[in-house]
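This report covers salt bridges, the sheet and its helices, and the nonpolar cores. Please keep the sequence and the 3D view open while reading.

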Amino acid sequence: KSLSPVGRGLRFGFFSRLSSDKGLGHVPAILARLRDAGWPLASLDLCGTCVETGLMESLGQDVEALGVTLTYHGEVSHSRALGVMEDVDIVLFPSMSSYESCGRVVLEAYDLGKTVIATDYCAARDLLADPFRIPVNVYAPAIGATHEPFTVGDIDLDRWAVPDWRDDNFRVADCERYRYEPSELRRLVEGLVAQRNGFSGGVEADVDGGKESLRMKIDWDRFLSRSPADWCRDVRTHLLDSVGNRADLVDLGGVMKRSIVKAGFNPSVVFNGA
């Protein structure tokens, strides 16, 4: 770890959509808890699309009251966001979003050697040491439409034992298990297609800044003719048999939701608590 805040304090970053479901409203309270536990605060950098103006205004006032300098970089490219991430010490990811399928930000911060504080939700449960995960209360149930991200729970700061900022942050072995190459992810999706579970056209690959992203084509008539239990069983079987249940599914949950909406469907999403 390369944290050396002596004389300047720690620099924090938030890299996501600036909204309630991504936990932006909790950031001031998190920073206050860290300050009270002896973390030296200096600044907060934000990168992402602002979808709640009122939330941003109150955030600015609350952060200023903590003596933290706020810088909003706007909606920037992925490469630019990673550049800002390289300049911070701590990445905050308090998301409780229905659109969260993994939390790629946590993995990107790991790759850059940054400390992460996140909610005990999605991949953070596997990737982060216990003290760096803020306890959550998942609503039971939380219900919303597929097309619009919504909050599925709330963080519980009263149950959070704040760690020392110099403590080990990541579970390295588990983080390495989450690594994947685009070819491996393509193989995973092609395997699902081969099982005729509703994916019809295989995978398209786009190159953006040297990294491939994947798009799935779905035969909706075939997909909707199968029960959710059948489809989930096929996915699980393929994961266990072919890739050892590795987390090569990074962001596929979000891709799936967007594909459903684009195809003209907008079913309810139900979270039953955890």
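Asp120, Arg125, Asp130, Arg133 and Arg171 are linked in a network of salt bridges. A salt bridge here is a side-chain nitrogen of Lys or Arg within 4 Å of a carboxyl oxygen of Asp or Glu. By this rule the count comes to 10.

This is a predicted model, where local features need pLDDT of at least 70, side-chain atom pairs count only at pLDDT 80 or more, and totals for chains, interfaces and linings use all residues. Residues are numbered from 1 along each chain as its sequence is written, and side-chain values use heavy atoms, with hydrogens and water left out.

**Salt bridges**

| Salt bridge | Closest N to O |
|---|---|
| Aspartate 21 and arginine 17 | 2.4 Å |
| Aspartate 120 and arginine 133 | 2.7 Å |

Aspartate 120 and arginine 133 form one of these salt bridges. Aspartate 120 lies in the loop between E5 and helix H5 (124-127), while arginine 133 is in strand E6, so the pair ties together parts that are 13 residues apart in sequence. Helices (H or I, at least four residues) and strands (E, at least two) are DSSP runs, numbered from the N terminus.

How covered are the partners? Buried means under 20% relative accessible area, exposed over 50%, and partly exposed in between (1.4 Å probe, protein chains only). Aspartate 120 is partly exposed at 21%. Arginine 133 is buried at 13%. Aspartate 21 is buried, with 6% relative accessibility. Arginine 35 is partly exposed at 38%, and aspartate 36 is exposed at 59%.

**Overall make-up**

The protein chain has 10 helices and 12 strands. Of its 274 residues, 47% are buried. Among contacts between residues at least 6 apart in sequence, 74% join residues at least 24 apart. Contact means heavy atoms within 4.5 Å. The chain exposes about 13300 Å², and carbon and sulfur atoms supply 48% of that area. Accessible areas come from the Shrake-Rupley method with a 1.4 Å probe; for residues, only the protein chains shown count as cover.

**The sheet and its helices**

In what order do the strands of the open sheet run? The order is E3-E2-E1-E4-E5-E6, with 6 strands in parallel pairing. Strand E3 (69-72) and strand E6 (133-134) stand at the edges with a single partner strand each, so one side of each has no neighbour in the sheet. Two strands pair if DSSP finds at least two bridges between them. Strand E1 (residues 10-15) pairs with strand E2 (residues 41-47) over 6 bridges, in the parallel sense. Opposite arginine 11 stands serine 43 of E2.

Helix H3 (residues 78-87) packs on the sheet and touches E1, E2 and strand E4 (90-93). The direction of H3 makes about 155° with that of E1. Helix H4 (residues 104-111) also packs on the sheet, touching E1, E4 and strand E5 (115-119). Its direction makes about 170° with that of E4. Axes are lines fitted to C-alpha atoms, for helices over the stretch in contact, and angles run from 0 to 180 degrees between N-to-C directions.

H4 is mostly covered, with 6 of its 8 residues buried. They are Val105, Val106, Leu107, Glu108, Ala109 and Tyr110. Their cover includes E1, H3, E4, E5, H5 and helix H6 (172-177). Just after H4, glycine 113 takes a positive phi of about 75°.

**Nonpolar cores**

A nonpolar core is a set of buried Ala, Val, Leu, Ile, Met, Phe, Trp, Tyr and Cys residues joined through side-chain atoms within 4.5 Å. The largest has 38 residues; Phe12, Leu31 and Trp39 touch the most other members. E1, helix H1 (27-36), E2, helix H2 (53-65), E4 and strand E7 (136-138) each supply at least two residues of this core. H1 gives the largest share, 5 residues.

Phenylalanine 12 touches residues including Leu31, Leu34, Trp39, Leu41 and Ile90. A second, separate core of 23 residues includes Phe93, Tyr110, Phe170 and Tyr178.

Tryptophan 39 is in the loop between H1 and E2. At 2% relative accessibility, tryptophan 39 is buried. Its C-alpha atom is 7.6 Å from that of leucine 10, 29 residues away along the chain. Among the residues in contact with tryptophan 39 are Leu10, Phe12, Ile117, Phe132 and Trp165.

Key. Lists of a residue's contacts leave out its neighbours within four places in sequence.
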